[in-house]
Each structure stands twice: as structure tokens, then as C-alpha cells.
Amino acid sequence: MTTYDFDQPYERRGTDSEKWAAYGNDVLPLWVADMDFPAPPAILQALHKRVAHGIFGYGGVTAELSEAICNRLWEHYQWKVTPDQIVFQPGLVSALNVSCRAVCPPGTGVLVQTPVYPPFLSAPVNQGLQLNFAELTVKRSSHKLQYSIDFNAFEAAIQPNTRLFMLCNPHNPVGRCFSREELTNIADICTRHDLIICADEIHCDILLDQPRHLPIATLSPEIAKRCITLMAPSKTFNIAGLYCGFAIIQDPSLRKRYQQAANGIVPQVNLLGLTAALAAYTQCETWHKELLTYLNGNRDFLVDYIQEHLPALRTTIPEGTFLAWLDCSATGITGNPYEFFLRQAKVALNDGQRFGQGGKDFVRLNFGCSRATLTQALKQMKVALDLLN
Ligand SMILES: Cc1ncc(COP(=O)(O)O)c(C=O)c1O
């Protein structure tokens, strides 16, 4: 017996949704990474109560929220973080940009693993910095894709002027949850080259069949000193539009550099975001558990459907995130597959080319939607592909 019904359809057109407004009414949007589910009832109740108070002056982070985050980090990861080590941020894309600004003097570089969430590619450029690329290795077997890290290539990509490595874990778009061994290798290499690690772990609570997430900062106190860890309740509880996230920076001088880089540019978190975050982290455990069961089901359905009905496509089997990464190179699509699925299938996906090297001929599909929407989108993609042949 479940408490929450993730199958229930909700109309998102005409509700300020970026995802649903970007394309025509005849297009099913499975692109930008938010989900089509309402936030958990406990968050809605907390927001209703806050709105009913009626006064929306400048807000501030409460001790209760900071403590809730510290307790959660301890319970989930045995990670001892104190409230002063948490820097609240309205969004994690801005935190990626602030991290580049804080860590990298002009003329230095930032290492990223491609294909990767596009703001990883734009944040260094926004700060006038160089990009160093370490492409992930992909193994193709029938309809599946498996990504791993080539550690020689990873180390070889580091230049004498590289200062920062931006890690995405769980990884968007390839859906990997990196193992302790992989993270230890990464940490060792970053230590050897004296790199700061900005670890974007926004998807850390969306684990599919994975027992637990491992923040890279928890590997050792020495590693923690070189980490800026980014987390948020936004993806997990579908409150991305409320803009509340945070950076955990345990080294005082790194934290100071980060705060200085954000000073006067990054505003405080919206107070409704703070209200939602507290409810998310303290009252939504059952909802979260059931969400993961539903997303696991969507992931399995997607992989099975592709195997059975779209055999020319190859897909990742995401270990985390609600994002699948599809290789269209064997489909016979001429031109950009994103354009193809948009025009011929009326399904809006993300264009793989925007994710950097290793993204050509790929699209990203967001399965954080009802099973009915996912099924309909896949059916439309199948019809379009069938017509090709
Ligand atoms: C890895 C990653 N970081 C950051 C973000 C966006 O964060 P925010 O909305 O807090 O700026 C996303 C959204 O998809 C993401 O996948």
C-alpha cells in the first residue's frame, strides 16, 4: 500500500512552468530537470501557513533549518558539519559560478568531465577561465551504455594552471553514482595536483537501487578541506522554483573566499524556499521513499521499452537522477536527434550537444513524470523512428 499517487495527472500548462511553456501544446516536454509531481503535502502545508502570515519582509536562515541539515548529513553520511560551515545559496548554478570565481584567479583553468550538465561548461567561461576536459569513457553493449572514468585521461587533462575540478555526482546526464573507489581515485589525483573540488551533489537523494550516496568530502578530513559541496532539496522534493540550496565548506579560508566571491552579487534565499526546505528535510520521508520507488519503476519501464520497441537506441541505466541519456547514433536519424524527436515525435528532450564532448548524437530524457506521460512520449518516439525505416 502506498500513500502517494504519482500516477495522478496534473495540468502544468498555463502555470508558469518553463518545461511546459517552452514548446507548443502538441509537444510533450521531457527536458528540463524538474518533475511533474506536486511537492509533498507537508511542504504545501508549511508554505500555506507561511503565506497566511502575510508578511514577507527580508527573511533569514533559522537555527532550526541549519540544525536539520546538519542532523541529516550526520544520519545519512556520518558527516559532522556545523551550521557555520553551511553557506546558503538561492541556486546551485550560481554556486558553480561563485566557486569558479572564488577559487580561480584569471588565467587559470577548471577541469570538467564531459558530457556534463551545461552550466559546468558555461560557469568557467563566465569567469573568463579556461576549460580542461576529461571525457568519460562509454562502453556500448546492445541497447545499453555504461560510463566510467579513465583515470589516466582524467589526470592528463589537468594542466599546470588548473585550480578547480567540478564534480557532478550523481552525474547529470550519465546517471552514475560514483563508487568509493572511483571517488578515492579522483580525490587522490586532485590532492596530488592541489585542486579544489566543487562537488555538485544536487541529485544525492535521487538514488535508484543504490543503498546510499557518498559525498566526496566524507572520504577524509584532508579531502573535506579542499571541497565545496553543493546540495539542495530542490530536485528531490520538486521545489526547484523556490530556489534554496547550500554549499558546505569546512575549511574556513576557502569558505571566506567563497563568501567574498558571492558578496553583493548572490542574494539571500527566498524565504518561502527556506520554509519549504525545513519541511522537506524533516517531514517528507515517506513521500521521498515512495517517489524513489516510482522513479525506479519509470527507469525500469524506460529501459525495457527501449530494449523491446526502440532497439536502435542505446540508453544508460541511471543509478541516480531521473534523467536517461540516449545514444541515437545507430537510429538512422540524419541530423540532430533532438530536432528529430521534437519535429517528428513531438517530444521535447535535451540536445546532447549542449553537454559538451561526447554529447553529439545524444539526447537526455527526463523520466520524472507520470508513467502515462512517459509511455506516451516513448510511443511517439517509436512511431517517428519506425517511419524512418
Ligand atoms: C547537476 C545540477 N546542478 C545544478 C542544477 C540546477 O540547480 P539550481 O536550480 O539550484 O540552480 C541542476 C538542475 O538540473 C543539476 O542537474
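Here is a short chat about the sheet and the nonpolar cores of this predicted model.

Trainee: What should I know before I start?
Mentor: It's a predicted model, where local features need pLDDT of at least 70, side-chain atom pairs count only at pLDDT 80 or more, and totals for chains, interfaces and linings use all residues. Residues are numbered from 1 along each chain as its sequence is written, and side-chain values use heavy atoms, leaving out hydrogens and water.

Trainee: OK, what's the strand order in the open sheet?
Mentor: The seven strands run β2-β10-β9-β8-β7-β3-β4, with mixed pairing. Strands are DSSP runs of E, at least two residues, and helices are runs of H or I, at least four, numbered from the N terminus. Two strands pair if DSSP finds at least two bridges between them.

Trainee: Which strands are at the edges?
Mentor: β2 (86-89) and β4 (130-135), each pairing on one side only.

Trainee: And in which sense do β3 and β7 pair?
Mentor: Parallel, over four bridges. There, G109 stands opposite T162 in β7.

Trainee: Switching topic, which residues have the most contacts inside the largest nonpolar core?
Mentor: I43, I216, F341, L365 and M381, in a core of 106 residues. A nonpolar core is a set of buried Ala, Val, Leu, Ile, Met, Phe, Trp, Tyr and Cys residues joined through side-chain atoms within 4.5 Å; buried means under 20% relative accessible area with a 1.4 Å probe, protein chains only.

Trainee: Which helix gives the most to this core?
Mentor: Helix α11 (residues 285-309), with eight residues.

Trainee: Why does the core lie between domain 1 and domain 2?
Mentor: Because domain 1 (18-39 + 285-388) and domain 2 (48-283) both give residues to this core. The bounds come from an automatic or database domain assignment.

Terms used
Buried means under 20% relative accessible area, exposed over 50%, partly exposed in between (1.4 Å probe, protein chains only).
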